[in-house]
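Welcome, and please open your viewer. Shall we take a short walk through this structure, one selection at a time?

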Amino acid sequence: MKKPVIVVLIIVLLAALAGGWFWYQSTRDKELTLYGNVDIRTVNMSFRVGGRLQALNVDEGETIKAGQTLGQLDRAPYENALQQAKANVSTARAQYELMTAGYRAEEIAQASAAVTQAQAAYDYAQKFYQRQQGLWNSRALSANDLENARSSRDQAQASLKSAQDKLSQYQAGNRPQEIAQAQASLEQAEAQLAQAALDLQDTTLLSPSDGTLLTRALEPGSMLNAGSTVLTLSLTRPVWIRAYVDEPNLGQTKPGREVLLYTDGRPDKPYHGKIGFISPTAEFTPKNVETPDLRTDLVYRLRIIVTDADDALRQGMPVTLSFPNGQRNE
């Protein structure tokens, strides 16, 4: 075989190998790179009750711990309300106990004596009327005298019936409806006491979580309405990255997949994160997405949880997300 032919064959073979290599590389999944921003949650803190702001114990930029006392309202009005609520409970409880105990033995004995006295008066009036009726039958008594005797007998009978009814009431005690009403009044007073205690507790503002104080909106001496923002807290944890992926690359994202996160300040030392959420619906690309190819496409929002976040990650900081091929989800 001639030498030029061998050279040509070698060249063709090398070209075929190079074409195959480039074809193989083109068929491999390219490493997915996305761009996002740090998303740190903030909390607008306020008192649940209104009043005069007495003290604020923190200033902007300070590190805050969960449960730390941040501020205090004037407690005096709420302490007075609590004392009033306690007095109302005592009054309602005494009334309820009075209703459930019924009447005292002395009151029942007095009512029984009144019945005995009324019975004796009725017996006398009845006998007197019977004697007067006998005289009337013998025409020895006028009609007016007989009518007076009958009237006295009837009055004595009515007095006896009233005394008997009162004795029955004392012996039976208070009606169930009256006891139920007294019990409801007691429960209402106890609920008001619990609310007064809660209002007093809410005059102290506590931090709900660790974080950094961003804003101190008011100063001591200010009059506040319930719910007025006093402080704004940037939460230390969790730190999330908000990013967007287009539909062709959606298959490379899955909850739990690990992601490398690069910032401009430390390009050679990535943070680590995991995909925690993928939006089920597409949306138009937000204006702050930096990839030119995505600016007019429909994308899906991702939330990546940073597992090794530190204080260098700040709200809104741009981040580059790298999805290594070795972790591709099938």
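Start by selecting Leu-32 and Phe-323: Leu-32 stands opposite Phe-323, which is in strand 13. Keep in mind along the way that this is a predicted model.

**Stop 1: strand 13 and its partners**

Now widen the selection to strand 13, residues 318–323, together with strand 1. These two strands run antiparallel, and six bridges join them. To find a facing pair here, pick Leu-261 and look across to Leu-321 in strand 13.

**Stop 2: the largest pocket**

Which residues lie closest to the centre of the largest pocket? The pocket holds about 400 Å³ of space. Of its 19 lining residues, select Thr-212, Ser-234, Asp-311, Leu-313 and Arg-314, as they are the closest to the centre.

Now colour the strands around the pocket. Strand 1 (32–46), strand 3 (63–64), strand 6 (211–216) and strand 8 (229–246) each supply at least two lining residues. Strand 8 gives the most, with five residues. If you colour by class, you will find six nonpolar, seven polar and six charged residues in the pocket lining.

**Stop 3: a cavity**

How many cavities of 30 Å³ or more are there? The count comes to one, and the largest cavity has a volume of about 40 Å³. To see what lines this cavity, select Asp-39, Arg-41, Trp-240, Ile-241, Arg-242, Arg-301, Leu-302 and Arg-303. Strand 1, strand 8 and strand 12 (298–306) are the elements that give two or more residues to the cavity lining. By class, the lining of the cavity has three nonpolar and five charged residues, and no polar ones.

**Stop 4: Asp-202**

For the last stop, go to the loop between helix 5 (176–201) and strand 5 (204–206), and select Asp-202 there. Is Asp-202 buried or exposed? Its relative accessibility is 12%, so Asp-202 counts as buried, since the cut-off for buried is under 20%.

Show the side chains around Asp-202 next. The side chain of Asp-202 makes a polar contact with the side chain of Arg-48, at 2.8 Å. Leaving aside residues up to four places away in sequence, Asp-202 touches Phe-47, Arg-48 and Val-49.

Methods: Residues numbered from 1 in each chain as written. Predicted model: local features only at pLDDT ≥ 70, side-chain atom pairs only at ≥ 80, totals over all residues. Heavy atoms only, no water. 1 Å grid on protein atoms, 1.4 Å probe; cavity = no way out; pocket = protein on both sides within 12 Å on 5 of 7 lines; lining within 4 Å. Points joined across faces, edges and corners; volume = space filled by probe spheres on them. Helix = DSSP H or I, 4+ residues; strand = E, 2+ residues; numbered from the N terminus. Nonpolar A, V, L, I, M, F, W, Y, C, P; charged D, E, K, R; others polar. Pairing = 2+ DSSP bridges. Buried < 20%, exposed > 50% of the residue type's maximum accessible area, 1.4 Å probe, protein only. Polar contact = N/O pair within 3.5 Å; in protein donor to acceptor, adjacent residues only side chain to side chain. Contact = heavy atoms within 4.5 Å.
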